[in-house]
Amino acid sequence: MRILLVGGTGTVGKTIAAALKSRHELLIAGRSAGDLRVDLTDEASVRAMYAKAGKLDAVIAATGHTHFGPLTAMTPAQFKTGLLDKVLGQVSLVLLGIPHVADGGSFTLTSGILNRDHIRQGANAAAVDSAIDGFVAAAAIEMPRGIRINAVSPGLLSDAAEAYDGFFPGHAPVSSARVGLAYVKSVEGALTGKVFCVD
Ligand SMILES: NC(=O)c1ccc[n+]([C@@H]2O[C@H](COP(=O)([O-])OP(=O)(O)OC[C@H]3O[C@@H](n4cnc5c(N)ncnc54)[C@H](OP(=O)(O)O)[C@@H]3O)[C@@H](O)[C@H]2O)c1
């Protein structure tokens with residue numbers, strides 16, 4: 001398959017690339033590095049990326065920053081950054097990408113554990129992850145031409161555990177190998193409208 005992986009240079013993106021690259025042609029896209037440059041928060045940039053990418057069998061998003069901070073100090077503007085960067089970024093990739101995906105192809109988005117195993121300072125991330133999970137469930141019903149759409153919802157990756165030290169008390173980190181397999185299931189499997197949780 002010809003697969004566009006947006007965010008392929010990040011922690012989760014590298015895991016996805018490692019799981020898929022031996023069997024597929026991967027096009028890596030990112031904001032500052034990759035085969036294609038894109039800013040998912042800029043609609044024109046997303047359109048330009050798809051124009052360069054050509055026909056695709058699968059599109060994967062492993063992007064999006066959310067706001068981590070105490071609820072009582074959180075401002076609506078801070079909350080909005082997570083909605084724009086992670087939710088609207090990934091959703092734009094789908095809405096603008098449908099014409100570029102082949103019949104029977106797929107989209108795979110990335111949410112995360114924080115909407116089911118809550119932590120302090122994680123209210124924005126929880127809301128954002130639920131938005132993505134909700135989007136794929138409903139969007140699957142309306143996808144044309146047999147195109148599938150799923151989300152992968154990983155726990156804290158062992159590769160990222162050090163960087164988030166203290167934020168996730170008691171969370172068991174998940175291995176890159178298991179996270180990669182969830183994306184393989186979404187891209188190579190038959191299911192649609194699902195959230196593949198990796199706990
Ligand atoms: N790390 C974890 O343990 C974990 C667990 C569960 C869920 N997640 C979720 O997985 C996703 C990726 O996390 P990560 O830890 O891999 O983050 P990361 O290491 O910061 O990587 C993010 C990747 O996305 C790209 N990117 C960011 N904003 C972008 C934009 N507006 N347009 C295009 N590309 C953009 C980055 O490119 P540049 O570097 O060039 O900006 C980078 O390649 C996030 O949604 C996160 O919430 C992560």
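A backbone N or O atom of threonine 11 lies 3.0 Å from an oxygen atom of the ligand, a polar contact in the sense of a pair of N or O atoms within 3.5 Å. The model is predicted: local features need pLDDT of at least 70, side-chain atom pairs count only at pLDDT 80 or more, and totals for chains, interfaces and linings use all residues. Residues are numbered from 1 along each chain as its sequence is written, and side-chain values use heavy atoms, without hydrogens and water.

| Residue | Part of the residue | Distance |
|---|---|---|
| Valine 12 | polar backbone atom | 2.8 Å |
| Lysine 86 | N or O atom in the side chain | 2.8 Å |

Taken alone, the ligand exposes 910 Å², of which the protein buries 83%; such areas come from the Shrake-Rupley method with a 1.4 Å probe. Helix 1 (11–20) and helix 3 (76–95) are the elements that give two or more residues to the shell around the ligand; helices are DSSP runs (H or I) of at least four residues.

In total, 24 residues surround the ligand, and Thr9, Val12, Ser32, Thr63 and Lys86 are the closest. A residue counts as near if one of its heavy atoms lies within 4 Å. The shell comprises 8 nonpolar, 12 polar and 4 charged residues, where Asp, Glu, Lys and Arg count as charged, Ala, Val, Leu, Ile, Met, Phe, Trp, Tyr, Cys and Pro as nonpolar, and the others, Gly among them, as polar.

Note on methods
A polar contact is a pair of N or O atoms within 3.5 Å; within protein, one must be able to donate a hydrogen and the other to accept it, and residues adjacent in sequence count only if both atoms are side-chain atoms.
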